[in-house]
Amino acid sequence: MGAEQGFITAGGTLDLTVDAHVHTGFAAGRDSIGVIVSAADRAGLAAVTFADQVGKDTTWLPAYADAVRRARRRTELNLRIAAEVEVVQPDGWLAWPAADLGHLEALSVAVTRLPTDDGPLGPREVRSLIAAGVLTEAGVAEIVVTATVKGLERASRYVPTQLARPLSLLQQMGVDDGVLSTEALDHLADACRTTGTAVEVSEAWRSPSLRMVGRLREAGVPLVAASDARYAGEVGHWQYLLRV
């Protein structure tokens, strides 16, 4: 099976035999790749994407990719080598690792903090700026969408892309994604279609919202199931996604 087959679905029902975003002990997770593959097999999965978080100081990509390749020889599951990279500036610049990206078969693009020219701001800092009248909730949503679109355009030049936890920053701030204008949502959907990006529906983050999932489906954007698991026992186990 090819690197992308078995992972992407276009609209309709989510394929819950695929987990398109899991973490390992190389970064944000706890367990080894072998332990995760065994857990995925027990959960009845057919495919798993490893998408550990990387940044400019990441040096372990070659060892990580080698570990996934070794695991492929011991399982019938379709395993894909990916990484999660964060958009850190409004122009879509990403926190690229110094290591060669040639090891990767996909990139999961995330906007977990507000990209600014002076560096990304966390939810608490953004909330303070809103309280001070420097920013508005709608303005923050627009910044996030614009940076996301530009980040996808950059990342998709190299490998196939997925969008992790869209608008999760708003969720962390307690802001409903209803502040997002129809035009902004259409802009995001158009960018996903143009770049061939699949949107991850995250079990751990319960993101995107049911409303946004519906809008993305209507727009024909591919959706994939993603546990965002940090522990092997969370891989391929769904509650929120069953509602979706």
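Q: Which residue just after H6 takes a positive phi?
A: The model is predicted, and the angle is computed from it. Helix H6 covers residues 182-195. Just after H6, a positive phi of about 70° is taken by Gly196.

Q: How many residues does H6 have, and what span does it reach from its first C-alpha to its last?
A: Helix H6 runs over residues 182-195 and has 14 residues. At 1.5 Å a residue, the expected reach is 20 Å. The reach from the first C-alpha of H6 to its last is close to that, at 20 Å.

Q: Why do the buried residues of H6 lie on the same side of the helix?
A: The buried residues in H6 are Ala184, Leu185, Leu188, Ala189, Ala191, Cys192 and Thr195. They are on the same side of H6 because the arc they cover around the axis is only 155°.

Q: Which residues are exposed on the other side of H6?
A: The buried side of H6 includes Leu185 and Leu188. What covers the buried residues includes helix H4 (137-155), strand S6 (161-164), strand S7 (198-202) and helix H7 (210-218). Exposed on the other side of H6 are Glu183 and Thr194.

Q: Against which elements do the buried residues of H2 pack?
A: Helix H2 spans residues 61-72 and reaches 17 Å, close to the 16 Å expected. Its buried residues are Leu61, Tyr64, Ala65, Ala67, Val68 and Ala71. Seen down the axis of H2, these fall within an arc of 155°, so they line one face of the helix. The buried residues of H2 pack against helix H1 (33-42), strand S3 (47-53) and strand S4 (78-86).

Q: Is Leu104 buried or exposed?
A: Leu104 is found in the loop between S4 and strand S5 (106-110). Not counting residues up to four places away in sequence, Leu104 touches Leu61, Ile81, Ala82, Ala83 and Val159. Among these, Leu61 is one of the buried residues of H2. The relative accessible area of Leu104 is 7%, under the 20% cut-off, so Leu104 is buried.

Q: What is the relative accessible area of Ser32?
A: Ser32 lies in the loop between strand S2 (18-22) and H1. The C-alpha atom of Ser32 is separated by 29 Å from that of Gln172, 140 residues apart along the chain. Ser32 is partly exposed, with a relative accessible area of 40%.

Q: Which element gives the largest share of the largest nonpolar core?
A: The largest nonpolar core has 74 residues, and those with the most contacts inside it are Phe50 and Val140. The largest share of this core is 8 residues, and the element they come from is H4.

Q: Which residues is Val140 in contact with, leaving aside its neighbours within four places in sequence?
A: Val140 is one of the residues with the most contacts inside the largest nonpolar core. In soluble globular proteins, nonpolar side chains tend to be buried together. Beyond the neighbours within four places, the contacts of Val140 are Leu114, Val126, Ile130, Leu135, Leu169, Leu170 and Met173.

Q: How much space lies in the largest cavity?
A: A search of the whole structure finds 1 cavity of 30 Å³ or more. The lining of the largest cavity is formed by Val111, Val144, Thr148, Leu163, Ala164, Arg165, Pro166, Leu167 and Leu188. Each of H4 and S6 supplies at least two residues of this lining. The space in the largest cavity is about 50 Å³.

Note on methods: Residues numbered from 1 in each chain as written. Predicted model: local features only at pLDDT ≥ 70, side-chain atom pairs only at ≥ 80, totals over all residues. Heavy atoms only, no water. Helix = DSSP H or I, 4+ residues; strand = E, 2+ residues; numbered from the N terminus. Expected span 1.5 Å × (residues − 1). Buried < 20%, exposed > 50% of the residue type's maximum accessible area, 1.4 Å probe, protein only. Arc of directions from axis to C-beta. Contact = heavy atoms within 4.5 Å. Core = buried A, V, L, I, M, F, W, Y, C linked by side-chain atoms within 4.5 Å. 1 Å grid on protein atoms, 1.4 Å probe; cavity = no way out; pocket = protein on both sides within 12 Å on 5 of 7 lines; lining within 4 Å. Points joined across faces, edges and corners; volume = space filled by probe spheres on them.
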